[in-house]
Amino acid sequence: MGLLAWVLIGVLVAVMMRLLWPARSGMFAIAVVTTTAGALIGGYICAVFNIGTLATLDARALFAAIIGALLFLFLFRKLRVN
């Protein structure tokens, strides 16, 4: 359940950012992929440090997944070539 939740967090962060910070039409799919990757990496880092696992969810692991998703999206938007 944890892996699915981290993927859903990535998608939800992308949707929220789309509403708050509109982008060009083709960028939404890239934002979904970017935030999902960030959420997975944030969740995986928590699993490595034994904060949460892929089988169960912990509030700290969810927070790390959200932070990872936002960080990846922020870095992608800053490093993107127009």
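**Contacts and helices**

Guide: Residues 24 or more positions apart account for 71% of the chain's contacts with a separation of 6 or more. Contact means heavy atoms within 4.5 Å. This is a predicted model, where local features need pLDDT of at least 70, side-chain atom pairs count only at pLDDT 80 or more, and totals for chains, interfaces and linings use all residues. Residues are numbered from 1 along each chain as its sequence is written, and side-chain values use heavy atoms, with hydrogens and water left out.

Visitor: What does the secondary structure of the chain come to?
Guide: Three helices and zero strands. From the N terminus on, the elements run α-α-α. Helices (H or I, at least four residues) and strands (E, at least two) are DSSP runs, numbered from the N terminus.

Visitor: How much of the chain counts as buried?
Guide: 32% of the 82 residues. Buried means under 20% relative accessible area, exposed over 50%, partly exposed in between, with a 1.4 Å probe and protein chains only.

Visitor: Now the packing. At what angle do α2 and α3 pack?
Guide: About 140 degrees, with the axes 7 Å apart. Helix α2 covers residues 27-48 and helix α3 covers residues 59-79. Axes are lines fitted to C-alpha atoms, for helices over the stretch in contact, and angles run from 0 to 180 degrees between N-to-C directions.

Visitor: What does that make α2 relative to α3?
Guide: That angle makes α2 oblique to α3. Angles under 35 degrees count as roughly parallel, over 145 as roughly antiparallel, 65 to 115 as roughly perpendicular and the rest as oblique.

Visitor: Is the crossing left-handed or right-handed?
Guide: The crossing of α2 and α3 is right-handed.

Visitor: Let's zoom in on G38. Buried or exposed?
Guide: G38 counts as buried because its relative accessibility is 1%. This residue lies in α2.

Visitor: What does G38 touch?
Guide: A65, G68, A69 and F72, not counting residues up to four places away in sequence. The C-alpha atoms of G38 and A69 are separated by 4.0 Å. Along the chain, G38 and A69 are 31 residues apart.

Visitor: And F72, how does that count?
Guide: F72 is partly exposed, at 30% relative accessibility. F72 is found in α3. Leaving aside neighbours within four places in sequence, F72 is in contact with T34, A37, G38 and I41. Its C-alpha atom is 8.9 Å from that of T36, 36 residues apart along the chain.

Visitor: What about T34 and T36?
Guide: Helix α2 holds T34 and also T36. T34 is buried, with a relative accessible area of 12%. T36 is buried at 13%.

Visitor: Which residues do they touch?
Guide: Not counting residues up to four places away in sequence, T34 touches F72, L73 and F76. With that same exclusion, T36 touches V7, G10 and V11.

Visitor: Over to A61. Where does A61 lie?
Guide: A61 lies in α3. A61 is buried, with a relative accessible area of 0%. Outside four places in sequence, A61 is in contact with W6, C46, I51 and G52. The C-alpha atoms of A61 and I51, ten residues apart along the chain, are separated by 6.3 Å.

Visitor: Last one. How far apart are the end C-alpha atoms of α2?
Guide: 31 Å. At 1.5 Å a residue, the 22 residues of α2 should span 32 Å, so the two agree. The expected span is 1.5 Å times one less than the number of residues. After α2 comes N50, whose phi is positive, near 60 degrees.

Technical notes. Left-handed = near helix turned anticlockwise from the far one by under 90°.
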